[in-house]
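The questions below go through one model, and each answer works its way to the value or name that was asked for.

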Amino acid sequence: NYFTNIEEGYTMDENLLKKYASLAVNTGVNIQKDNILVITSPIETAEFARLIAEEAYKAGAKDVVVHYGDQQLTKIKLENSSLETITDYPSWMAEAYNSYARQGACFISIAANDPDGLKGVPVEKIGASQKARTSALKEYYDNSMSNKCRWCVLSVPTLSWAKKVFPNVSDEEAMENLWDVIFKTVRVDTENPVTAWEKHNAYLDEKVKFMNDNNFKSVHLKSNNGTDLNIELPEGHLWAGGSDDDVNGVFFNANMPTEEVFTLPKKTGVNGIVYSSKPLSYGGNLIDNFSITFKDGKAVDFTAETGYDVLKQMLDSDEGAKYLGEVAFVPYDSPISNSKLIFFNTLFDENAACHLAFGRAYESCVKDADKYSEKELEEIGVNNSVIHVDFMIGTSDLEITGINKNGETIQIFSNGNWTF
Ligand code: ZN
Ligand code: ZN
């Protein structure tokens, strides 16, 4: 029973694909009766978007809406239109997302673009277009980042991406290899993926509980590559990981795969230096071998062997872009990390290494966040920005300690892994 995609020239076990689509619908966004599902998919992965749609209707969705993205067309547009046109984001396109977010729809995004598919496009155009999009879709992001909507980001291979991860094999083999590794990391290769996810979420819950019980005032990260960073945590911060509940108490898994336990740093409480440990694909461009120096939360200096201009553009997106919105712990000894692959796709690379994120913090990581105004959240130390960009800093020798509510120093990570 095989599924053939003529354009991309590979065959795939249809049962596995259906299992994956069903997992996305049920364990990912957890579709309830009469929910609306909005799928964002690259045109190359349309077959899989259709499978998700079928499973969503089976699970009781009343409507499934698909938005197809076309990275090559985006490149053509960015190269040929003016900065003015690029920054004038059409309101009907923004409304397509905002109105569904307002109605409490569920969102599945397929992250599968060519990691450097926009290479050669002036970075200010990429930055301007991303900023215009995130500003126009503010309502959609507000609803997602505060768990008013259930959402899930997952991936399926595209040829350009697969060739980047597996450059030395045939097209067909690259696609098969990437499918295999995705199925493994999202546990679709197990007998019962739903149970496998329940077990995995219970494991992450233990780590989350430990972090929350200690109520750390600050954490300190240190590696032999030079990373030496102190991060204060705001009062009322919450660590999260694995499945989360939306505002109505319905669980969902925002990322598939996921291995991280994360919270937000205090906006003005980050000091020291960090070195990247994996390349970062941002806006269709690669940034690699970079370091950032923080003073009172702000990135005051940075270096990059590759993609310096892209990094600069990103940090200049707005005031909050120079501050952190996330600190996340992922053991060095974890399934994605152990694959020793670099995916050039943040969904996978961020779940293979401890990471930080520039820009907006998840309000869901603040206790009773919905009781505060935007200004009050800022006073607590919650960063806001049009961007949220994760970058990887975890190494095999990373040591993490924390100072808990009683002033005791607790070892959290030793040699890149949880100590408990
Ligand atoms: Zn993260
Ligand atoms: Zn993040």
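Q: Which residue in the turn of the hairpin formed by strand 21 and strand 22 has a positive phi?
A: In this predicted model, strand 21 and strand 22 (residues 417-418) run antiparallel and are joined by 2 bridges, with Asn-417 as the bridge partner of Ser-414. The hairpin that they form has 2 residues between its strands, and the turn residue with a positive phi, of about 45°, is Asn-415.

Q: Which residue in strand 21 stands opposite Thr-401, and what is the phi of Gly-407 in the turn?
A: Strand 20 (residues 399-403) pairs with strand 21 (residues 409-414) in the antiparallel sense, over 4 bridges. Within strand 21, the residue opposite Thr-401 is Gln-411. These two strands form a hairpin with 5 residues between them, and the phi of Gly-407 in its turn is positive, at about 85°.

Q: Which residues coordinate the zinc ion (ligand 1)?
A: Along the chain, the donors of this ion follow the spacing E-x65-E-x23-E-x4-H. Glu-260 lies in the loop between strand 11 (251-252) and strand 12 (261-263), and Glu-350 in the loop between helix 13 (346-349) and strand 18 (355-359), so that this pair links parts of the chain 90 residues apart. Glu-260 is buried, with a relative accessible area of 5%, and Glu-350 also counts as buried, at 6%. At 1.9 to 2.4 Å, the coordinating residues are Glu-260, Glu-326, Glu-350 and His-355.

Q: Is the site of the zinc ion (ligand 1) tetrahedral or irregular?
A: Four donors count as tetrahedral if all angles lie between 85 and 135 degrees. The angles among the 4 donor atoms of the zinc ion (ligand 1) are 76 to 151°, and the site is therefore classed as irregular.

Q: Within what arc do the buried residues of helix 11 fall?
A: The buried residues of helix 11 (residues 308-315) are Val-310, Leu-311, Met-314 and Leu-315. They line one face of the helix, because, seen down its axis, they fall within an arc of 130°.

Q: What covers the buried residues of helix 11?
A: The elements that cover these residues include helix 6 (123-136), together with strand 14 (280-282), strand 15 (285-295) and strand 16 (298-306). Also among them are strand 18 and strand 19 (388-392).

Q: Which residue has its backbone oxygen 2.7 Å from a polar atom of the side chain of Asn-143?
A: Asn-143 lies in helix 7 (residues 138-145) and counts as buried, at 13% relative accessibility. Leaving aside residues up to four places away in sequence, Asn-143 touches Ala-101, Arg-102, Lys-148 and Cys-149. The backbone oxygen 2.7 Å from a polar atom of the Asn-143 side chain belongs to Glu-139.

Technical notes
Residues numbered from 1 in each chain as written. Chains lettered and ligands numbered in written order. Predicted model: local features only at pLDDT ≥ 70, side-chain atom pairs only at ≥ 80, totals over all residues. Heavy atoms only, no water. Donors = N, O, S within 2.8 Å, 3.2 Å for Na, K, Ca; no water. Tetrahedral: all angles 85-135°; square planar, octahedral: opposite > 155°, others 65-115°. Buried < 20%, exposed > 50% of the residue type's maximum accessible area, 1.4 Å probe, protein only. Arc of directions from axis to C-beta. Contact = heavy atoms within 4.5 Å. Polar contact = N/O pair within 3.5 Å; in protein donor to acceptor, adjacent residues only side chain to side chain. Pairing = 2+ DSSP bridges.
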